[in-house]
Structures are given as structure tokens and as C-alpha cells.
Amino acid sequence: MPTIRLLSAAEAHAAIPDLCEVLADCVNGGASVGFMQPYTPGDAEPYWRSVAEAVADGATLLFGAEVDGKIVGTVQVGAAQMPNQPHRGDLKKLLVHRSARGHGLARLLMEMAEQEAARRGKTILVLDTATGSDAEAIYPRLGWERVGVIPDYALWPEGGLCATTFFYKRVA
């Protein structure tokens, strides 16, 4: 049975090895989340250290999906915004290790992230995802509204330009 929880800064630091495995697996599986192939867990370590620091600073909410004591999925909410956007959060990097997919972890992570963001006064969340990716199909099923597409926004991890689709969801 999976456990979905908000990680403290100390827990985020302790989870870095598992988080590195998840990120490397997703990038090497084709997820366009900011990194290029080939990508190793060691490559992911500086990124997760910076996320753990952002958790410590209160700028990021980091959620983990744990199965048998190991983090196999994660999502973040960027909670620190400009003074004219205290009500908005940025949903970032919904990642589930390929070996743990098909068990509803993405849905559980999203539900918890949305609930916690709302509890902290966020009323709208936004995200972007690679157009045509498997991830793009998840968000409408979870009640997210498609806003539009920007062509040639980023690169696929194996190279080549990809478009990005933007979504939003009211959470409170």
C-alpha cells in the first residue's frame, strides 16, 4: 500500500538517493522535465539538493509516494510567488518511476498536492507539460483545464524540439 506524504526538509535530504533514481528513470524513459539523456542518478543529485533547500526555505512543497519504504514517485508545488500572486502555485515535476506506474500514484500525488496547496491559501495551480507526452493525458482526467500550446518550447530528453501544453486548476 503506498504512502503519500509531504516531506520536511530533513526528509527531503534523506530521500535524495530515491528521488535521484526516480528522476533518472523518468528522463531516460523520455520525460521532458528539463534534463537531457543520458541521465544518471548522480546527475540528478544537485537538482534534488536544491529542491531540499527550497523545501527548507518554504518555497517548495515536496510530496513523495512511498512503497515498501522507498520513494517511487514525487510532485512539487512552487509555493513562493511574487507579491501580486500569493494565491497561485506552480505544480512541478510529477514523476513516477516506470516500475511503479499503473497503480494510481500520480493521481494520489496530485490529490495531496492540490489539497495541501489549498490548505495553504492557494486557489489556483498552473503547470506545463510536453505536448503529446503520456503525462499530458493525465491532467484533464484529474480536472485540469487546458489553456494552450506553445510550439518549440523545450527539447525532448533525447533531442528535438517539443511543444508545451499549459494547464490550470482551481483548488479552493
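On the surface, M36, L155 and L161 make up a nonpolar patch whose accessible area comes to about 270 Å² together. Patches are built from residues with over 30% relative accessible area and no salt bridge, joining like charges within 9 Å and nonpolar side chains (Val, Leu, Ile, Met, Phe, Trp, Tyr) within 5 Å. A salt bridge here is a side-chain nitrogen of Lys or Arg within 4 Å of a carboxyl oxygen of Asp or Glu, and accessible areas come from the Shrake-Rupley method with a 1.4 Å probe, where for residues only the protein chains shown count as cover. The model is a predicted one, in which local features need pLDDT of at least 70 and side-chain atom pairs count only at pLDDT 80 or more, while totals for chains, interfaces and linings use all residues. Residues are numbered from 1 along each chain as its sequence is written, and side-chain values use heavy atoms, with hydrogens and water left out.

L155 is partly exposed because its relative accessibility is 40%, the class between buried (under 20% relative accessible area) and exposed (over 50%), with a 1.4 Å probe and protein chains only.

Strand β6 (residues 145-155) is paired with strand β7 (residues 161-170) in the antiparallel sense, over 7 bridges; two strands count as paired if DSSP finds at least two bridges between them. Together β6 and β7 form a hairpin with 5 residues between them, and G159 in the turn has a positive phi of about 105°. Across the pair, G148 faces F166 in β7. Also in β6 is I150, which is partly exposed at 37% relative accessibility. Apart from neighbours within four places in sequence, I150 touches A163, T164 and F166, contact meaning heavy atoms within 4.5 Å. D152, another residue of β6, has a positive phi of about 50° although it is not a glycine. D152 is exposed, since its relative accessible area is 52%.

Beyond its neighbours within four places in sequence, M110 meets V75, L91, L94, L127, Y139, L142 and W144.

Strand β4 (residues 88-96) holds L95, which is buried because its relative accessible area is 2%. Setting aside neighbours within four places in sequence, the contacts of L95 include V22, L23, C26, W48 and L109. K93 also sits in β4; K93 has a positive phi of about 50° without being a glycine and is partly exposed, with a relative accessible area of 24%.

A further backbone feature is the cis peptide bond joining Q37 and P38, with omega about -10°. P38 is located in the loop between α2 (16-28) and α3 (41-57).

Conventions. Helices (H or I, at least four residues) and strands (E, at least two) are DSSP runs, numbered from the N terminus.
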